[in-house]
Amino acid sequence: MTDYDPTETPALELQHVRIVHRAGRPDEVVALRGIDLAVPAGQLVTVVGSNGAGKSSMIQVVSGAVRPASGRVRIGGRDVTRRPDWRRAGDVARVFDDPRKGTAPELSVEDNLALALRRGGRRRLWPAVTPRRRVLMREQLARLGLGLEDRLHEEVGSLSAGQRQSITMIMAALGAPRVLLLDEHLAALDPATARRVLDLTAELARDLGSATVMVTHNMEHALELGDRLLVMGGGRVVADLPRALTRAMAPADVVEVLVSSGESVSDRSLLAATEAGES
Amino acid sequence: MSGLLTDTLITGLPLVPVYLGVYLVLRIREDFDLTVEGSFALGGGVCAVLIAHGHGPWLALLAAVVSGVAAGVVTACLNLTLDIPVVLAGLVTSLALFSVTLRITGQPTVSLVGADTVATSLFGEAGRGDAQQIAVLAVVVALVLVAFAAFLMTELGLALRASGVNAEMVRAQGVSERGLVVLSLALSNGLTGLGAALAVQTMGYADVNMGVGTFVAGVGAVLLGVLVFRPTGSQVARIVLAVLVGTLLYRFLLVGALRIGVPAGDLKGITALTLVIAVAAQRFARIGLTALTRPTSSTSASVQTPEGTPT
């Protein structure tokens, strides 16, 4: 799709990032084995991999929920490795797999959005919801086409999973994050709702111009949306495929790469898989 | 009957700020802070000693607030630096506060008979009348409730309201959990100190044991209020109304029990009973209400299942 200037500072950069859980104990688990990744602003990277491949660990290390054993995390060129998650929130927006995680169910739609409006900024002794902010909220909610702009006072807990996940997406987009993390955010939705939230994802990712990392189990979604597809396995990136390569791939080809990802996969075998898919 | 109402208001209004603090930690933060038992006695003691030494009643009120805030910060620091759960940290602080309060007052009971109060500072000797006392208490309590509601509607207050329900989401929005712990405990115990000072000035004495049972009584009053108003996180006006009405209702029950001849020694039992009944009614009414109002919504049902159980 778009060409990216390699000399430009990437919006998100991981350097030799290793994550070790329960280090030094007999049941030690290495979740990431030295990941290198640079995502320029405006690029949407989709990530696939089997369970335990390290997808969620990568999301967590970018969000700051987990600190790496070694390696560096940079956002917009700035080293944020040692910053806890709440101090990165101004740069990083997250949408969780569970629709209930991204919003506060007891609070109204407008209160949830107001919380996101100040993401990363200082919380002041100033009214959280002002008439001006309400206008902005209505505008943003209207993009969803769900009629939520007229339900600002309703409790989020009374909305459906799809509506809540859509609101979480809007919340993530408020405050223009440099990095947008989507951790299987369609997993809990029914197919029709997932489709709608997926379209919204594509639209927001395009408008925001942030570096977007989207973890998914759905190969079709991964191929359709990604400017670039990462295949992960055993805590490593086993394949890093640009749009030019994935355009011709079918979901079955990606599955094949996944299955063979016990070992690292060479570009040649991938090309072979791609050609096999076309014939 | 009018005597019943007068007694309810005179003994109940000073407790409104205290139970507002209990509401803040219990319902908004979804945590238990037992510091209030200690900070209530501390605030009362500080207020009494200052007045007994000839300082103004308003200054004594302020000092009681400051002492309460300090107590809350101590509990918060125990929680944050040593990872002691807030329940236990509060218990430890309130235990220590017994000794601190006794040091400050120098004797278990400080009498303020004939001393200045906030009411006499405005009305002179007439300020010892019930009507004048109630008027002053009502104004102070109204100011506290309005200020608290306004605070909850600020960006900071909003973060606080969200944090009890979904801490992970609040962190993802860039709010420090640690900051909120300090803020909520300081605020809650500051309110407790204020209420204790008001209580001491209307009762005419302070006692080192006056805080015992404050927490449980507060929970009972809060639950009564919640039962009546059913506030959710975004209904700020309902939150403060629930605390006001819950407190007065709870005091009304106690005063009423005394009036019909229940011995004073049984009052703690009645407090405990009120709490149990409030919890029972809460459970029963909540199930009944969701069944009535949202018969088809599956999300509201799943939200109420405890964390970790498959839904």
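## Helix packing and chain contacts in a predicted model

In chain B, helix α4 (residues 57–82) and helix α10 (residues 177–203) pack at an angle of about 145°, and their axes lie 6 Å apart. The crossing in which α4(B) passes α10(B) is right-handed, and the contact of α4(B) with α10(B) is made up, by class, of 17 nonpolar residues, eleven polar residues and one charged residue. The model described here is a predicted one.

The C-alpha trace of chain B spans about 60 × 50 × 35 Å along its principal axes. Because a compact globule of 311 residues would have a radius of gyration near 19 Å, the 20 Å of chain B agrees with that expectation. Of the 311 residues of chain B, 50% count as buried, and among contacts in chain B between residues at least 6 apart in sequence, 77% join residues that are at least 24 apart.

Chain B also meets chain A, with 33 residues of chain A in contact with 26 residues of chain B. On the side of chain A that touches chain B, the elements giving two or more residues are α2 (85–88) and α3 (109–117) of chain A, and α3(A) provides the largest share, four residues. The residues of that side of chain A divide by class as follows.

| Class, side of chain A that touches chain B | Residues |
|---|---|
| Nonpolar | 14 residues |
| Polar | eight residues |

How values were computed: Residues are numbered from 1 along each chain as its sequence is written. Chains are lettered from A and ligands numbered from 1 in the order in which they are written. This is a predicted model: local features need pLDDT of at least 70, side-chain atom pairs count only at pLDDT 80 or more; totals for chains, interfaces and linings use all residues. Axes are lines fitted to C-alpha atoms, for helices over the stretch in contact, and angles run from 0 to 180 degrees between N-to-C directions. A crossing is left-handed if the near helix is turned anticlockwise from the far one by less than a right angle, and right-handed if clockwise. Ala, Val, Leu, Ile, Met, Phe, Trp, Tyr, Cys and Pro count as nonpolar, Asp, Glu, Lys and Arg as charged, and the others, Gly among them, as polar. The radius of gyration is taken over C-alpha atoms; the globule rule is 2.2 Å times the number of residues to the power 0.38. A residue is buried if 20 or more other C-beta atoms lie within 10 Å of its own, exposed if 12 or fewer, and partly exposed in between; C-beta atoms are placed from the backbone. Two residues are in contact if their C-beta atoms, placed from the backbone, lie within 7 Å.
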